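Colleague: I would like to understand how the labels used for a model follow from its numbers. Could we go through a few of them together, step by step?

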Amino acid sequence: MFFNPQFVGKVIVALTTIMILATTATAQQKGKASYYSRRANGARTSSGIRLNNDSLVCAHKTYPFGTKLLVKNPANGKEVVVKVIDRGPHVRGRIIDLSHEAARQLGILAAGVAMVEVSIYSEKPIPLQPEPYEAPEIDLELPANGVGGMTPDWQKEKKETND
């Protein structure tokens, strides 16, 4: 029996991704959050995107790049939606690293590290029921002697030759 190593590798990666998403998608994580230093502005992240202190982005260990996460500060009830663009945090006991702006909106700048709740942000689309299209009424009747009461040149020539 012949196994294609490239195919097997792709299957393993796909199954691993599905398992990670299945275990983390439904669970809400609770733990400590920190934020990037202001000096990290412009640094290249694991995804290749440069970090901007004013963006609402984060680093997470398991969620795929581009995943939107809802981060809530239970101490004050503030919430922010961030996008995963980096891997980390690389400090034991922390579950997420936030951009400076995300930390500011959550109110954790002064504390430096704070307890947060992290879950996947699911944008539920608002169902759209389109209104039925009603075509405007157009009068398609033409006057008997041509467009706008004028006789086209080709009809004039025809009448003159028939006479």
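Colleague: In which strand is Ile96 found?

Modeller: In this model, which is predicted, Ile96 belongs to strand S5, made up of residues 94–98.

Colleague: What makes Ile96 count as buried?

Modeller: The relative accessible area of Ile96 is 0%, and because buried means under 20%, the label applies to Ile96.

Colleague: Which residues is Ile96 in contact with, once its neighbours within four places in sequence are left aside?

Modeller: Among them are Lys32, Cys58, Ala59, Leu69 and Val118. As for Ala59, which is 37 residues apart from Ile96 along the chain, the C-alpha atoms of the two are separated by 5.8 Å.

Colleague: Why is the pair Glu101 and Arg104 called a salt bridge?

Modeller: The closest N and O atoms of Glu101 and Arg104 are 2.6 Å apart, and since the cut-off is within 4 Å, the pair therefore qualifies as a salt bridge. The structure holds 1 salt bridge.

Colleague: Where do Glu101 and Arg104 sit relative to each other in helix H2?

Modeller: They are 3 residues apart in helix H2, which covers residues 100–106, so about one helical turn separates them.

Colleague: How do you know whether Glu101 and Arg104 are buried or partly exposed?

Modeller: Glu101 has a relative accessible area of 16%, which is under 20%, so Glu101 is buried. Arg104, at 46% relative accessibility, falls between 20% and 50% and therefore counts as partly exposed.

Colleague: What makes you say that Arg87 lies over the face of Phe65?

Modeller: Arg87 is at 4.3 Å from the ring centre of Phe65, and the distance part of the rule asks for within 6 Å.

Technical notes. Residues are numbered from 1 along each chain as its sequence is written. This is a predicted model: local features need pLDDT of at least 70, side-chain atom pairs count only at pLDDT 80 or more; totals for chains, interfaces and linings use all residues. Side-chain values use heavy atoms; hydrogens and water are left out. A salt bridge is a side-chain nitrogen of Lys or Arg within 4 Å of a carboxyl oxygen of Asp or Glu. Helices (H or I, at least four residues) and strands (E, at least two) are DSSP runs, numbered from the N terminus. Buried means under 20% relative accessible area, exposed over 50%, partly exposed in between (1.4 Å probe, protein chains only). A charge sits over a ring if NZ of Lys or CZ of Arg is within 6 Å of the ring centre and within 35 degrees of the ring normal. Contact means heavy atoms within 4.5 Å.
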